[in-house]
Amino acid sequence: MPMLEVRDVHAYYGNIHALKGISLNVEKGEIVTLIGANGAGKTTTLRTISGLLKPRQGKVFLEGEDLARYKAHELVYKGMAMVPEGRGVFSKLTVAENLDMGAYHRTDKDGIQEDLERVFSLFPRLKERRNQVAGTLSGGEQQMLATARALMARPTLLLMDEPSMGLAPILVEGIFDTIQEINKEGTTILLVEQNAHMALQVAHRGYVLQTGEIVLADTADKLRENPVVQKAYLGIE
Amino acid sequence: MAVQETDWRSYLRVGMIAGLIAVSVSLIGMVETFNGRAIIGEYLSLGNLLLYGAIFGGGFVAARQHKGSTASCLAGGLLLGAISGVMLNLLVLAGTPRVAGGDPFLRQYLLNVNNNLLAILLSGLPQPSGSLALLGISSLMGMLGAAIDRVTPRFRRPLLVSLGVVLLVGLLSEVVILAWGVRGLGLLVRRLLFARKGLSLPGAVVLFLIVFALHLAWTAFSPKLKAWTARAPERRRKQLYRGKAAIGIIFLLFLPFFLRTYLTEVVDNVGLYVLMGLGLNIVVGYAGLLDLGYVAFFAIGAYTMGVLTSQADLGIAQMSFWSALPFSVMAAVLAGIILGVPVLRMRGDYLAIVTLGFGEIIRILVLSDALAPFIGGAQGILKIPKAQIGDFRFVTPESLYYLILIGCLIAVFLTWRLRDSRLGRQWMAMREDEDVAEAMGINLVSTKLLAFGIGAAFSGLSGAIFATKLSSIFPHSFNLLISINVLCLIIVGGMGSIPGVVVGALVLVGLPELLREFAEYRLLMYGALLIVMMIARPEGFWPSAVRRRELRGDEEPIPEPSSAAAGD
Ligand SMILES: Nc1ncnc2c1ncn2[C@@H]1O[C@H](COP(=O)(O)OP(=O)(O)O)[C@@H](O)[C@H]1O
Ligand SMILES: [Mg+2]
């Protein structure tokens, strides 16, 4: 049974048909990437999975359980956490308060403390800046914070929406290294990216999304070799 | 030099703006109305303050941007004041009759340009010395304003504070004398410091020097005190904190004896607004839901109290205040939730419009003929009994003060506990980003409804006390202006700040009640105050920690991490 299964999902914004029958699955322990151009529907797919947007047709399953009957805020209890697009940190709260919010639904103080140590060892910069207001962090630091905050929920499935967006190339490398590290520690990851080059390097498998439809699905290595992907997403003629 | 030139230009510009403000307040009649309120005997009235305040402030602002020498800065201030003075003189010229008894052109259209105004502008002197005096005073004010900026920082604050205290005491002298100056020691102090109206000139000087000295002493002493408390052990610091709280409570308990009846009455009204402010602070300040119809809950609390307790025909249960109180609060909470449900999906401006409509609907309902058989329509509800414990009835302002004080203390305590609770964090996260908050596991529906409900509860409590305080309620007491008042007071005080609500209520409700002249210009003053606040101090008079760092990017001293910060 896959950890996450999206089955023939159609989603709309009013009359705009944003997702036209998406199906994908993510196995336990994998990094799966969903690549596509701007406006292809990547964010919409994540919003649908995390319950912020209800699909008009189709279903989403988490470990075999239909998610239709859960509200968005209940899914974190099911082990799902999201790193939203554009980072979405609580800009007026401090780093520490942001992390605290990430563990909002948890009551195990010791476990929270443990995870805090863990994210601080993963992102030592955040430890230095724990009392700084998140809005005044640099772009890279905000991305770290958003990721760290999601990890504070101790998720089994992590959804990441374009973590490399707007970051300098060196920082991008760092972020993808971290993604692999998080995955190695046992978190399954669905990674949405426009930066196909980096995404396909860290992911095991990938899907290509085009105007609301999945046009390609394969292992990351095969996708990298695929001429269509090379031409459209990797900039190789 | 090019730099110098630009500097002069900024003095010119500010001078013209200040002159324009001075001319405008004269034209709308504010100067004349406010002139009746003496601050320092016959030397300084509120009208003068209004007239020259802009020039003084302008001098300060312009000097602040100016980097040149002190002499050039003072000259700039002089120039700035002179420009304003010339503009005021032009007004005088345009308003002076050419032939005795003839009406100049201006007077036909601008009623406020009359002999009284001219007398104020010309300091009661005949021409041309009057005009010269006007020019002189304006120039002097501009220069003094500029000079304030060049005073060494150590003295600037004490200087401004003592100036402010003198003006405030002078302004409120009537009230001060009424409350304390009638006999005994108070009478003595009154003879020493006060004139027939306002402070006497020597009195003002003495008061200024006393406050100045005290402030200086305090600035010298307070760092030592701070260092001492910082060094003190945790237990001692807690004791100190408790001691301060105890002194505060004792002070509040004895306040009415100190304030006497009239001022206590004013404080009662302030207290009712504090209650409402605390409630709206939860809705707007914590949860970020802009509610413009907040008066609705105040009205519902008051009307529920009225209907349940009234001894007149409209009363349905003739309950006592205490047994009706829970119903009043519950009715408000229910209304809050009923309003909350349809607006769950709305944000920002849309929410503001809908809540505005809700407030109007409630006001029109209580005014309507259809509901008149139940709640009295325009006639309102009469014969609402006073609260009673045993044989003691809460009739006098002093006794009502304690009722309101208890309400406020409960509300402050609840707000304070809520702010640091899980729910408080839910509100804060929701205010920042609803989607992310939801993804963190926050239930937006219950979080929003709790904000509306709790906010409404405080307002309902305030309304219930309001009803028993007045013994009768009428629809016109529940208009949009109340919602605006409450919103303004939390903005001015500092959004999301508990002491800010109290400060805001004192400034926006207390002061206008003490200065009757304000009534006519209330909205104008609110507008001016809000604009000045947004420019000079957008975080409010007493901002919350979060708000302060958000607007100032405050570099709070980062305490060395002892253990991890998350968790409690
Ligand atoms: N809130 C919205 N309202 C209407 N249309 C939207 C909204 N959000 C996204 N869309 C549309 O849905 C499509 C997919 O958007 P999105 O999922 O954000 O793309 P991506 O994340 O791949 O860049 C786009 O055509 C976009 O214009
Ligand atoms: Mg997107």
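## Tyr262 of chain B and its contacts

Leaving aside its neighbours within four places in sequence, Y262(B) is in contact with L178(B) and A179(B). The model described here is a predicted one. Along the chain, Y262(B) and L178(B) are 84 residues apart, yet their C-alpha atoms are 8.7 Å apart in space.

Y262(B) belongs to helix α12 of chain B. This residue is partly exposed, because 14 other C-beta atoms lie within 10 Å, whereas a buried residue would need 20 or more.

In soluble globular proteins, nonpolar side chains tend to be buried together.

A451(B) illustrates how such contacts are made. Not counting residues up to four places away in sequence, A451(B) touches I282(B), V283(B), Y286(B), A287(B), L289(B) and W427(B).

## Helix α15 of chain B

Helix α15 of chain B comprises 20 residues, numbered 348-367. At 1.5 Å a residue the helix should span 28 Å, and its end C-alpha atoms are 29 Å apart, so the two values agree.

The buried residues of α15(B) are T355(B), F358(B), G359(B), I362(B), R363(B) and V366(B). Seen down the helix axis, these buried residues fall within an arc of 130 degrees, and therefore they line one face of α15(B). They pack against four helices of chain B, namely α13 (295-309), α14 (321-340), α16 (372-375) and α21 (480-493). The face turned away from this buried side carries the exposed residues D349(B), Y350(B), G357(B) and I364(B).

## The surroundings of ligand 1

The shell around ligand 1 is formed by residues of chain A: Y13(A), I16(A), A18(A), G36(A), N38(A), G39(A), A40(A), G41(A), K42(A), T43(A) and T44(A). Two elements of chain A, β2 (16-26) and α1 (42-49), each give two or more residues to this shell. The largest share, three residues, comes from α1(A).

## Backbone features in the loops

One loop of chain B contains two backbone features. A cis peptide bond joins Q127(B) and P128(B), with omega of about 5 degrees. P128(B) is placed in the loop between α6 (115-121) and α7 (129-150) of chain B. S123(B) lies in the loop between α6 and α7 of chain B as well. Although S123(B) is not a glycine, it has a positive phi of about 55 degrees. S123(B) counts as partly exposed because it has 14 C-beta neighbours inside 10 Å.

A positive phi is also found in chain A. R154(A), which is not a glycine, has a positive phi of about 45 degrees. The residue R154(A) is located in the loop between α5 (139-151) and β7 (157-161) of chain A. With 19 other C-beta atoms within 10 Å, R154(A) is partly exposed, since a residue counts as buried at 20 or more.

Definitions and conventions: Residues numbered from 1 in each chain as written. Chains lettered and ligands numbered in written order. Predicted model: local features only at pLDDT ≥ 70, side-chain atom pairs only at ≥ 80, totals over all residues. Expected span 1.5 Å × (residues − 1). Buried ≥ 20, exposed ≤ 12 C-beta atoms within 10 Å, placed from the backbone. Arc of directions from axis to C-beta. Contact = placed C-beta atoms within 7 Å. Near = placed C-beta within 6 Å.
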